[in-house]
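Me: I have a chain open here and want a quick tour. Can we go through it together?

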Amino acid sequence: MVREYKFVVLGNGGVGKSALTVQYVQEFFLVRYDPTIEDSYSKTTHIDGEQIILEILDTAGTEQFTAMRDLYMKNGHGFILVYSITSQSSFNDLRDMHEMILRVPLVLCGNKCDLVDQRVVTTEQGVSMGLQMNASFYESSALKNLNVEELFVDLVRQVNRIQPKKEMGKKKTKGCSLL
Ligand SMILES: Nc1nc2c(ncn2[C@@H]2O[C@H](COP(=O)(O)OP(=O)(O)OP(=O)(O)O)[C@@H](O)[C@H]2O)c(=O)[nH]1
């Protein structure tokens with residue numbers, strides 16, 4: 001059976017959520033800024049010798065709470081929290097978003113690391129926030145295709161560690177569960 005992973009990409013508007021997702025799934029750089037409403041992408045790939053399907057929800061940076069997002073918050077297996085290294089507010093705002101999730105697996109991503117001259121968030125600040133969130137941390141560039149695949153692969157591996165394959169595919173057929 002091919003295992004399916006549902007991932008959610010969160011972060012302020014314009015930080016590069018769509019660009020990262022499109023670079024990973026479709027392998028090109030999205031130059032034009034067209035604010036996302038909510039897009040879902042699917043990619044079949046091999047990670048660590050296994051064929052898997054990734055369902056990636058590219059959320060709207062401007063609209064924080066939608067019915068679709070609520071659903072993904074509950075059902076998402078992993079989250080990528082994206083800020084831009086050129087925007088202090090996009091970094092600060094992730095704290096609130098993180099509070100809405102309060103669950104692992106997580107990857108924290110400082111995108112646009114190619115814009116060296118416009119950097120306002122240091123790598124050390126990113127590392128520190130990653131540790132606080134118990135998240136893996138990467139600085140990425142969707143433009144240069146730097147650390148893009150790594151983000152997604154890291155998240156798949158985190159899910160695999162927490163929920164080994166046989167457990168994730170298993171469906172309960174009877175009985176009750178206490179919530
Ligand atoms: N230089 C540079 N520009 C980038 C990078 N990633 C995205 N951009 C640009 O930043 C702008 C916004 O990127 P998007 O991917 O649309 O941002 P978003 O987070 O999806 O924005 P919303 O849809 O509003 O939530 C676009 O013009 C991209 O081309 C990057 O790594 N480097």
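Reply: Start with contacts, meaning heavy atoms within 4.5 Å. Of the contacts in the chain with a separation of 6 or more, 72% join residues 24 or more positions apart.

Me: What kind of model is it, and what are the ground rules?

Reply: This is a predicted model: local features need pLDDT of at least 70, side-chain atom pairs count only at pLDDT 80 or more, and totals for chains, interfaces and linings use all residues. Residues are numbered from 1 along each chain as its sequence is written, and side-chain values use heavy atoms, with hydrogens and water left out.

Me: How many helices and strands in the chain?

Reply: Seven helices and six strands. These are DSSP runs numbered from the N terminus: H or I of at least four residues for helices, E of at least two for strands.

Me: In what order do the elements run?

Reply: From the N terminus, β-α-β-β-α-β-α-α-β-α-β-α-α.

Me: What share of the residues is buried?

Reply: 47% of the 179 residues. Buried is under 20% relative accessible area, exposed is over 50%, and partly exposed is in between (1.4 Å probe, protein chains only).

Me: Which residues have a positive phi without being glycine?

Reply: Asp48 is one of them, at about 50°. Asn147 is another, with phi near 60°. Most residues other than glycine have a negative phi.

Me: Where does Asp48 lie?

Reply: Asp48 lies in the loop between strand 2 (39-47) and strand 3 (50-58). Asp48 is exposed, at 54% relative accessible area.

Me: And Asn147, where is that?

Reply: In the loop between strand 6 (136-139) and helix 6 (148-162). Asn147 counts as partly exposed, at 24%.

Me: Is Cys109 buried or exposed?

Reply: Buried, with a relative accessible area of 0%. Cys113 is buried too, at 16%.
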